[in-house]
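Subject: Structure for you, with notes

Hi,

Here is the structure I promised to pass on. My notes on it follow below.

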Amino acid sequence: MVTIRPENDFDFKDIRLVNTVAFGQKNEADLVDALRETDNYIKELSFVAELEGRVVGHILFSKIEIQTESGMVPALSLAPMAVRPEYQGQGIGSKLIEHGLRECEQRGHKIIVVIGHPEYYIRFGFGQAKPRGLDVTFDVPDEAFMVIELVAGALKGAKGTVKFPKEFDEV
């Protein structure tokens, strides 16, 4: 039975390992570590999936902004989301995302951006961001740049450029 819970300080090493083995590189693990040192980090929105006392998955939501003509609109980034390779395909990632989206909504967040596999994230309600009036400052395939409104109409008037913190530049 998989348990989804907020991360704690004792999980940092395990979270780093999960992200490193899931992505086959340390960039995403470095991103998590770097974000923890910023004001964009929200400890209550970093979750682990635990199975038989072992951390097997992790998801992080952090603060970003959408720069519009009338100012900045707050949003969250879903990144990274990782599951140890030997546990992939068992629904753990889905549980992390579903739990995370519920927690974000309960905490009053309205918009979440993700860059990822469209065939995966669409099932959670994400859709392409460009047709919704959003752009990004780096090169990413349109289909991989996605957004979800946790509150209907949250993107109304939020057309503009998604600004990721500099910590994302290394990913």
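Before the notes, one definition: when I say that two residues touch or meet, I mean that they have heavy atoms within 4.5 Å. Also keep in mind that this is a predicted model.

**The two helices, H1 and H2**

Let's start with how these two pack. Phe12, Ile15, Arg16, Asn19, Thr20 and Phe23 on the H1 side meet Glu28, Ala29, Asp30, Val32, Asp33 and Arg36 on the H2 side. Sorted by type, the residues of this contact are five nonpolar, two polar and five charged. As for geometry, the axes of H1 and H2 come within 7 Å and cross at roughly 145 degrees.

Helix H2 covers residues 27–36, and its buried residues are Glu28, Ala29, Leu31, Val32, Leu35 and Arg36. Looking down the axis of H2, you find the buried residues within an arc of 155 degrees, so they line one face of the helix. And what covers them? The cover includes helix H1 (12–23) along with strands S2 (41–51), S3 (54–68) and S4 (71–83).

In soluble globular proteins, nonpolar side chains tend to be buried together. Here the largest nonpolar core has 30 residues, and the members that touch the most others are Ile66, Ile111, Leu134, Phe145 and Val162. At least two residues of this core come from each of H1, H2, S2, S3, S4, S5 (111–115), S7 (134–136) and S8 (145–149). There is also a second, separate core of 28 residues, with Leu45, Ala49, Val114 and Ile148 among them.

Beyond its neighbours within four places in sequence, Leu134 is in contact with residues including Ile66, Phe145, Val147, Leu155, Gly160 and Val162.

Gly160 sits in strand S9 (residues 160–163). Gly160 counts as buried because its relative accessibility is 16%, and the cut-off for buried is under 20%. Leaving out residues up to four places away in sequence, Gly160 touches Ile66, Gln67, Thr68, Gly133, Leu134 and Asp135.

Gly57 is in strand S3, and its relative accessible area is 0%, so Gly57 is buried. Gly57 and Phe47 are ten residues apart in sequence, and their C-alpha atoms are 8.3 Å apart in space.

**Charged residues to look at**

Asp11 is in the loop between strand S1 (2–6) and H1. With 4% relative accessibility, Asp11 counts as buried. The side chain of Asp11 has a polar contact of 2.7 Å with the side chain of Arg5. Setting aside residues up to four places away in sequence, Asp11 touches Arg5, Pro6, Val48 and Val55.

Glu103, in helix H3 (residues 92–106), also counts as buried, at 19% relative accessibility. Apart from neighbours within four places in sequence, Glu103 is in contact with Leu45 and Phe47.

Glu86 is in the loop between S4 and H3 and counts as partly exposed, at 42% relative accessibility. The side chains of Glu86 and Arg84 make a polar contact of 2.8 Å. Glu86 and Val56 are 30 residues apart in sequence and 8.9 Å apart in space, C-alpha to C-alpha.

Most residues other than glycine have a negative phi, and most peptide bonds are trans. Glu52 is not a glycine, yet it has a positive phi of about 50 degrees. Glu52 lies in the loop between S2 and S3 and is exposed, with a relative accessible area of 79%. The other spot is the peptide bond from Ala79 to Pro80, which is cis, with omega near -10 degrees. Pro80 is found in strand S4.

Cheers

Terms used. Residues are numbered from 1 along each chain as its sequence is written. This is a predicted model: local features need pLDDT of at least 70, side-chain atom pairs count only at pLDDT 80 or more; totals for chains, interfaces and linings use all residues. Side-chain values use heavy atoms; hydrogens and water are left out. Buried means under 20% relative accessible area, exposed over 50%, partly exposed in between (1.4 Å probe, protein chains only). Helices (H or I, at least four residues) and strands (E, at least two) are DSSP runs, numbered from the N terminus. The arc is that of the directions from the helix axis to the C-beta atoms. A polar contact is a pair of N or O atoms within 3.5 Å; within protein, one must be able to donate a hydrogen and the other to accept it, and residues adjacent in sequence count only if both atoms are side-chain atoms. Axes are lines fitted to C-alpha atoms, for helices over the stretch in contact, and angles run from 0 to 180 degrees between N-to-C directions. Ala, Val, Leu, Ile, Met, Phe, Trp, Tyr, Cys and Pro count as nonpolar, Asp, Glu, Lys and Arg as charged, and the others, Gly among them, as polar. A nonpolar core is a set of buried Ala, Val, Leu, Ile, Met, Phe, Trp, Tyr and Cys residues joined through side-chain atoms within 4.5 Å.
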